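Below are my notes on the model, as numbered points. They cover charged pairs, helices, cores, confidence and backbone angles.

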Amino acid sequence: MSWKAGLSRYLPAMRFFACPESPSSIGVRNYYLKNYDELKHLNPNFPLLMRTAENCMPAVTTELEWTTNHLLQFMIQTGRFRNPNGTIAEDRVEAAKAYLATDWNKFHASRLKHPGFDPERPNAELSYPNWKEDPSIRSDMQDYLAMKEDMVEQMKVIQSGPDKEYTRGVNALLMAQRVDLWCAGEKEVELAVQHLYKLGRLLNERETFFPKYIKEFYPGVEDI
């Protein structure tokens, strides 16, 4: 029961898809009907949804927040960086490893070196389009600019593969949060739900970075 109670802690939602009449969807339909009350009791605010349509592929899905690091690790581990002749693309693998080796603590600290300015803030380029030409800012942000330039060059190499290699890698990773359940029994459906729960734990048991430029909160005027 413990993992069932953790669904709402690690996943934002779960959706079941099924055909309302097809025998191929009977496992999904029965699992949902038999387990809904228990899962909802353990996770009262958790969106636990059923979507039905004629001839729908039975499946269970969620919505996970993959990062670029997750994507690059996935592409390296599954050998998705390939040359047209089928060999491993060592240049893109090395670029991905270099990106993964980025010192993010140093990067986040260096981007805030100049008091009152954050180049990663939304619309920073619009509010101060010529900030890179300001001698005082450039002096304070030498580390940030160097690291940012390296990251941009690495991503250019990483995304340079043939046949939309990078986009196909993104799509393949996104499909990990969907399990097709054609003609599956109730036990297979439960294993699919456990798979999504484990993925959620893997992604969400990490320290979240919050933008440091958000420093103060000003409540509204009291008499409005």
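**Notes on the predicted model**

1. Nine salt bridges turn up in a search of the whole structure, a salt bridge being a side-chain nitrogen of Lys or Arg within 4 Å of a carboxyl oxygen of Asp or Glu. This is a predicted model, in which local features need pLDDT of at least 70, side-chain atom pairs count only at pLDDT 80 or more, and totals for chains, interfaces and linings use all residues. Residues are numbered from 1 along each chain as its sequence is written, and side-chain values use heavy atoms, with hydrogens and water left out.

2. One of the salt bridges joins the side chains of Lys 4 and Glu 38, at 3.4 Å from N to O. This pair links distant parts of the chain, 34 residues apart: Lys 4 belongs to helix α1 (residues 2-5) and Glu 38 to helix α3 (residues 26-42). Helices (H or I, at least four residues) and strands (E, at least two) are DSSP runs, numbered from the N terminus. Lys 4 is buried at a relative accessible area of 10%, whereas Glu 38 is partly exposed at 29%. Here buried means under 20% relative accessible area, exposed over 50%, and partly exposed in between (1.4 Å probe, protein chains only).

3. The side chains of Lys 156 and Glu 153 form another salt bridge, 3.6 Å from N to O. Both sit in helix α9 (residues 142-158), and because they are three residues apart, about one helical turn separates them. An α-helix has 3.6 residues a turn, so residues three or four places apart point the same way. Lys 156 is exposed, with a relative accessible area of 52%, and Glu 153 is partly exposed at 42%.

4. A salt bridge also pairs Arg 178 with Asp 180, their closest N and O atoms lying 2.7 Å apart. Salt bridges with shared partners join Lys 4, Glu 38 and Glu 190 into one network. Arg 178 is partly exposed at 28% relative accessibility, as is Asp 180 at 42%.

5. What is the kink in α3 centred on? It is centred on Asn 35 and amounts to about 50 degrees, where the bend at a residue is the angle between axes fitted to the seven residues ending there and the seven starting there. The end C-alpha atoms of α3 are 24 Å apart, in agreement with the 24 Å that its 17 residues should span at 1.5 Å a residue; the expected span is 1.5 Å times one less than the number of residues. Buried residues of α3 include Tyr 31, Tyr 32, Asn 35 and Leu 39. The buried residues of this helix pack against elements including α1, β1 (14-18) and α11 (186-204).

6. The largest nonpolar core has 25 residues, of which Leu 7, Met 14, Phe 16, Val 60, Leu 181 and Val 193 touch the most other members. A nonpolar core is a set of buried Ala, Val, Leu, Ile, Met, Phe, Trp, Tyr and Cys residues joined through side-chain atoms within 4.5 Å. At least two residues of this core come from each of α2, β1, α3 and α11, and α11 gives the most, with seven. A second, separate core holds 23 residues, among them Ala 95, Tyr 99, Ile 158 and Leu 173.

7. Helix α11 has 19 residues and reaches 27 Å from its first C-alpha to its last, close to the 27 Å expected at 1.5 Å a residue. Its buried residues include Glu 190, Val 193, Gln 194 and Leu 203.

8. Asn 43 lies in the loop between α3 and β2 and is buried, with a relative accessible area of 1%. Leaving out residues up to four places away in sequence, Asn 43 touches Lys 4, Ala 5, Gly 6, Leu 7 and Ser 8, contact meaning heavy atoms within 4.5 Å.

9. Asn 55, in the loop between β2 and β3, has a positive phi near 65 degrees without being a glycine. Cys 183, in the loop between β4 (178-180) and α11, is likewise not a glycine and has a positive phi of about 60 degrees. Asn 55 is exposed at 66%, and Cys 183 is exposed at 52%.

10. The protein averages a pLDDT of 89, and 91% of the residues score at least 70; pLDDT is the predictor's confidence in each residue, from 0 to 100. Over residues 206-211 the pLDDT is below 50, and over residues 213-218 it stays under 50. Where pLDDT is low, the predicted coordinates should not be read in detail.
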